[in-house]
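Here is a structure to look at.

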Amino acid sequence: MSLTDGKLYESQELPTIIFGPNKPLAYVLNPKAACTLCLHFVFFVNHNYRYFDIARIHFSPTALFRLQGPELDPQVLKTYYRLSPESFTFVRDPLRRFVSFFFEKIFLGGDPEFLHIRDTLTSAHGVDLSPEANLAQSCLNFAKLVAPTVDQKSTDPHLRPQYLNLAVGGRFTVDTILRLEDRDSVLAFFSKWIGEEKAKWFLTLQFNVQKYASEKIITDELRDLIRGIYAQDYKLFYE
């Protein structure tokens, strides 16, 4: 059990909450929905300058504080109480999020944490991840393997439905949920913290550029599968 805001929580009821040392702003982690942008934004809000490395901020033990189960660091929790931060997060169109995950983590394979998954997919499940692969077919085959998953809570957070990452329906409520595609709302929220001019500049920065043509990957069959896998995400965030 974990203690926050005077209540007891099971660890799985809490999302991962990330914040800095000085400003009352906290980001609720939702991978593959501009999470790198959000981490850098929280750092910038606290320091008024950018973190020096795009990727390392995800792993730094000192850049930002984290509250995540099963046990919460007492000093980090004390800072959270002191700041009493406003929480925010981003959600992303589930189809685009799935394709982004497939392309970056599965097809390109730049993240060593997914090496064993890539090996299993291509060696045991017939998912072609070679440079000559038909991306649309490989992504569809991957989606067909994901679709039967019953316990979605057990899947990797990058692939897990977003409402589960955010613990929607639990005892923790995210104050502001922004749709990645709603650029006006994103600009307005960022402007509230760093001013409009800095916000416009910050949103032009490139934190995670993936070079692929999504229209060459997305098919009607894939679209239908994703609608089923992420039905609750569509219902809560995109209807």
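Ala, Val, Leu, Ile, Met, Phe, Trp, Tyr, Cys and Pro count as nonpolar, Asp, Glu, Lys and Arg as charged, and the others, Gly among them, as polar. This is a predicted model: local features need pLDDT of at least 70, side-chain atom pairs count only at pLDDT 80 or more, and totals for chains, interfaces and linings use all residues. Residues are numbered from 1 along each chain as its sequence is written, and side-chain values use heavy atoms, with hydrogens and water left out.

Q: How do the residues of the lining of the second largest pocket divide into nonpolar, polar and charged?
A: Seven are nonpolar, three polar and one charged. The lining includes Phe 101, Phe 114, Ile 117 and Asp 156. Asp counts as charged.

Q: What makes a space a pocket or a cavity?
A: The test uses a 1 Å grid over the protein atoms alone. A cavity is a set of points where a 1.4 Å probe fits but cannot get out. A pocket is an open set with protein on both sides within 12 Å along at least five of seven lines. Lining residues have an atom within 4 Å of a point. The second largest pocket holds about 210 Å³, where a volume is the space filled by probe spheres set on the points.

Q: Which helix gives the most to the lining of the second largest pocket?
A: Helix α5 (residues 135-146) does, with three residues. Helices are DSSP runs (H or I, at least four residues), numbered from the N terminus.

Q: Why are α5 and α9 called roughly parallel?
A: Their packing angle is about 25°, with the axes 10 Å apart. Angles under 35 degrees count as roughly parallel. Therefore α5 and α9 are roughly parallel to each other.

Q: Which residues make the contact?
A: From α5 come Cys 139, Leu 140, Ala 143, Lys 144 and Val 146. From α9 come Glu 221, Leu 222, Leu 225 and Ile 229. Contact means heavy atoms within 4.5 Å. By class, the contact has seven nonpolar, no polar and two charged residues.

Q: What lines the largest cavity?
A: Val 146, Ile 229 and Tyr 230 are among the lining residues. Five of the lining residues are nonpolar, three are polar and none is charged.

Conventions:
Helices (H or I, at least four residues) and strands (E, at least two) are DSSP runs, numbered from the N terminus. Axes are lines fitted to C-alpha atoms, for helices over the stretch in contact, and angles run from 0 to 180 degrees between N-to-C directions. Angles under 35 degrees count as roughly parallel, over 145 as roughly antiparallel, 65 to 115 as roughly perpendicular and the rest as oblique.
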